[in-house]
Amino acid sequence: MIWQLKPSLVAVSVLLLSACSNQLNPTERAQDIANTPELWQQATTSALKVEDNWLQQLENPQVFFLVEQALANNQQILQSGYDVAIKQQQLIASGAALWPSLDLSARTNRSKDNRPVSYNNASSANLTLSYEIDLWGKLSDAERQANLEFLAEQANFEQNKQRLVGDVVSGWFNVITAQKLLALYQQREKNAEQNLAIIESGYRQGLNDALDVYLTRNELNTERSRIAGQKATSNQAIRTLERLTGDYPKGALTVEADLPLLDKPIPLGLPSELITRKPSLMASWYQLLSSDANLAYAHKQRFPSLNLSATLGDNADRVSDLFSPSSLAWSLVGSISSPLFDAGRLKANEEAARLAVLSQEQNYLASLYDAFNDVEQAISQEQSLQQRYQATLKAQENAMAAEQLSFEQYQSGLVTYTTVLDAQDRSFDAQSSVIEIKNQLIINRINLHIALGGDFSQPTNESTEQ
């Protein structure tokens, strides 16, 4: 497919990027966005809007409960939520610089003089109002930077929630897969025990060789070894899921469900929509705008500052006499300060901020193309897994039929027992592959939903507006 220019995407990108500071125009470093294709390269369905609320498709109360428990108790997601709250408080503190500050100071003093002996009391109180006029918009740039950092942290929090839900659902299906494989190994053990009983009976009757007995016993012990290893794998999967939910990894969680076959295509949307859908991309974009606001602030630090100060105060011998209307004094002061010589400190800070913008631009472009790559890879992987599943399903049918037929022919003396073992191995590989591929299809589908920026729940009107 030929990569084509998306006019609306370019127009939006140029409009948004031009809103940055006049010191640096990030469009000079973001032209690669124009290479965004109109459709996904491996897409086979129409470009319908990406659907949210993908979690409800599972229709299982247990996985819903585990997701709710993880969102409420997972330590990493709680820490991410606190990081958002910290950024919010920093935003409030930054915005406070645009308002006047009112301070009250009080002082009392008692001294003694020995020539002649005398005692002196002195008390003072001052009420000071200070205000820096945002003449060049410097304080506004600082508040804008704090606001963008808060939005970036919020977007990261949303991405972390989506990733956590994906990990919980994937972990839940990994537990189911481990249990399915364990049940398969246990069934294989029973078959091996039955085969051993038949072959040992034939050996006692002189119908089978001792080699067949040893091979069958070896097969039985191999299956028991697999069962022991799979039990450990199953317990590990359960503990991993318990940790994701914020619980102690005691390995006591019970899961009873089947592996569904997810073969229904999902809407993929347009590549251009991914830029505003995926929270991690929005976080990277906000970080770019934040670094640009920091550049504007660093540049305006080199300009003069205008400060106003008003003081209302009083001095008296006794505290009770303070703020008497007859002795109050006031002052109003306006001051202008401008840096003249700082050995290049402010210029270096501005240059560092400019380089930070350039670095963040490349980080944004890298995250953008990584997001595109995640979607393209998930689409290709799903197509490949679907083809592998269908082929492996047919291989399973043939292998199971060959296993049964080979044992019947062995009992009739037509083939050796090594032929039976080979047929059993093929049947085992095919059955286990079907289970594993079904799980891989599910995990890849979850990753595709996350890569597309699809939310696990239905967004509210408030979050949509934000």
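Trainee: Is R163 buried or exposed, or partly exposed?
Mentor: R163 counts as partly exposed, because its relative accessibility is 30%. The cut-offs are under 20% relative accessible area for buried, over 50% for exposed, and partly exposed in between, with a 1.4 Å probe and protein chains only. Before we go on, this is a predicted model: local features need pLDDT of at least 70, side-chain atom pairs count only at pLDDT 80 or more, and totals for chains, interfaces and linings use all residues. Residues are numbered from 1 along each chain as its sequence is written, and side-chain values use heavy atoms, with hydrogens and water left out.
Trainee: Ok, and which side chain does R163 meet in a salt bridge?
Mentor: That's D167, at 3.3 Å from N to O. A salt bridge here is a side-chain nitrogen of Lys or Arg within 4 Å of a carboxyl oxygen of Asp or Glu. D167 is partly exposed too, at 30% relative accessibility.
Trainee: Where do R163 and D167 lie?
Mentor: Both are in helix α4 (residues 138-204), 4 residues apart, which is about one turn of the helix. Helices (H or I, at least four residues) and strands (E, at least two) are DSSP runs, numbered from the N terminus.
Trainee: How many salt bridges are there by this rule?
Mentor: The count comes to 18. One of them joins R224 and E189, with the closest N and O atoms 3.2 Å apart. That pair links distant parts of the chain, since R224 is in helix α5 (residues 210-244) and E189 in helix α4, 35 residues apart.
Trainee: Is E189 buried or exposed?
Mentor: E189 counts as buried, at 18% relative accessibility, whereas R224 is partly exposed at 38%.
Trainee: What about R217, which partner does it have?
Mentor: R217 meets E200 in a salt bridge, 3.1 Å from N to O. R217 lies in helix α5 and E200 in helix α4, so this pair ties together parts 17 residues apart in sequence.
Trainee: And which residues do salt bridges with shared partners join into one network?
Mentor: E189, E193 and R224.
Trainee: Switching to strands: in which sense do β2 and β3 pair?
Mentor: Strand β2 (residues 117-133) and strand β3 (residues 305-316) pair in the antiparallel sense, over 11 bridges. Pairing needs at least two DSSP bridges between the strands. S130, for example, has S309 in β3 as its bridge partner.
Trainee: How many bridges are there between β3 and β4?
Mentor: There are 9, again antiparallel, with β4 covering residues 329-337. L308 stands opposite G334 in β4.
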